[in-house]
Amino acid sequence: MKNLGRNRAFVTLTVADLFETIGTSLFNIILLTYARTFAQANLMVSLVSVATVLPGIFGMLTGRLADSQTNKRGWLACLKFVQAALYLVLAQLITEKQVGLLLIIIVINLCSDVLGMLSGSLRMPLLQAKVASELQEEALGINQGIGVLMQTMGQALGVSLLAATGDYRLAGYLNAITFLIAGLVLLSGYETLKIPSATVTVTSTFRQLLRQVRQAMEAGVHMNVLALLGASCS
């Protein structure tokens, strides 16, 4: 643990992932709650629920796209700013209760989640390249543990924010801020994430393992969100 704490690349990736996970889980609960305010609540909630788990289907495509990128750290940092911009646009749309706008909001959130899958596929090769082989299992375990904790915190924050303010637009801005911070963290440690040109790319077996872990975490987010939503409405 002490050795990983001294590894700036690991710390950079983990802190950035922390803020990204908060943003993703926060807005999933916000979007479900927003969908329940519509006259066609059951249909809207179903659409949001499907869109929440749909990014897992694109795991193979995002994995292949990530593998083909030589500048993984550049892509990873840029994606956080793209996601921040998406939620700034979303915050402007969520003020009106119109079915058409809700569908656009769902698509924007879906796009951000797919970009999050791509980020995960970019992050893991960087983690493998910058962390010593004997510490990689520990690093992955810490990363997963923090991710699960932040998912729960993000969902709780989303519920608390709505209960306190009832302002969906504020949630959109807060989500944009979390991705902006993640991007700035990646830029601050950008030089430490450089992979030597001679580094061997990730093996297919390791990619498959990480993809399964990511999909399991996505499924966990979906289940936890629904549980919290049910608790908040009871």
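This is a predicted model: local features need pLDDT of at least 70, side-chain atom pairs count only at pLDDT 80 or more; totals for chains, interfaces and linings use all residues.
Residues are numbered from 1 along each chain as its sequence is written, and side-chain values use heavy atoms, with hydrogens and water left out.

**The big picture**

- The protein has nine helices and zero strands; here helices (H or I, at least four residues) and strands (E, at least two) are DSSP runs, numbered from the N terminus.
- Reading along the sequence gives you the pattern α-α-α-α-α-α-α-α-α.
- Of the 234 residues in the protein, 48% are buried; buried means under 20% relative accessible area, exposed means over 50%, and partly exposed is in between (1.4 Å probe, protein chains only).
- Take the contacts between residues at least 6 apart in sequence: 87% of them join residues at least 24 apart.
- The accessible surface comes to about 11100 Å², and 65% of it belongs to carbon and sulfur atoms. Areas like this come from the Shrake-Rupley method with a 1.4 Å probe, and for residues only the protein chains shown count as cover.

**Back to T37**

- You'll find T37 in the loop between α2 and α3.
- With 31% relative accessibility, T37 counts as partly exposed.
- T37 and K97 are 60 residues apart in sequence, and their C-alpha atoms are 8.4 Å apart in space.
- The T37 side chain also reaches the backbone oxygen of Y34 at 2.6 Å.

**Helix α2**

- Helix α2 covers residues 8-35, and at 1.5 Å a residue its 28 residues should span 40 Å. The expected span is 1.5 Å times one less than the number of residues.
- The end C-alpha atoms of α2 are 41 Å apart, which agrees with that expectation.
- Because 23 of its 28 residues are buried, α2 is largely enclosed by the rest of the structure.
- N7 caps the N-terminal end of α2, with a side-chain oxygen 3.1 Å from the backbone nitrogen of A9.

**Salt bridges**

- How many salt bridges does a search of the whole structure find? The search turns up three, a salt bridge being a side-chain nitrogen of Lys or Arg within 4 Å of a carboxyl oxygen of Asp or Glu.
- One of them joins D17 and R123, with the closest N and O atoms 3.4 Å apart. D17 lies in helix α2 and R123 in helix α6 (residues 99-130), so the pair ties together parts that are 106 residues apart in sequence.
- Another joins E20 and K80 at 3.0 Å, N to O. This pair links distant parts of the chain, with E20 in helix α2 and K80 in helix α5 (residues 72-93), 60 residues apart.
- E20 also meets R123 in a salt bridge, at 2.8 Å, N to O. Since E20 lies in helix α2 and R123 in helix α6, this pair ties together parts that are 103 residues apart in sequence.
- Put together, D17, E20, K80 and R123 are linked in a network of salt bridges.
- Are these residues buried or exposed? D17 and R123 are both buried, and so are E20 and K80.
- E20 has a relative accessible area of 3%, and R123 has a relative accessible area of 3%.

**Two buried residues in other places**

- N109 lies in helix α6 and counts as buried at 4% relative accessibility. Leaving aside neighbours within four places in sequence, N109 is in contact with F27, N28, L31, Y87 and L90.
- T62 is in helix α4 (residues 59-67) and counts as buried at 6% relative accessibility. With the neighbours within four places in sequence left aside, T62 is in contact with V114, M117, L118 and S121.

Technical notes. A polar contact is a pair of N or O atoms within 3.5 Å; within protein, one must be able to donate a hydrogen and the other to accept it, and residues adjacent in sequence count only if both atoms are side-chain atoms. Contact means heavy atoms within 4.5 Å.
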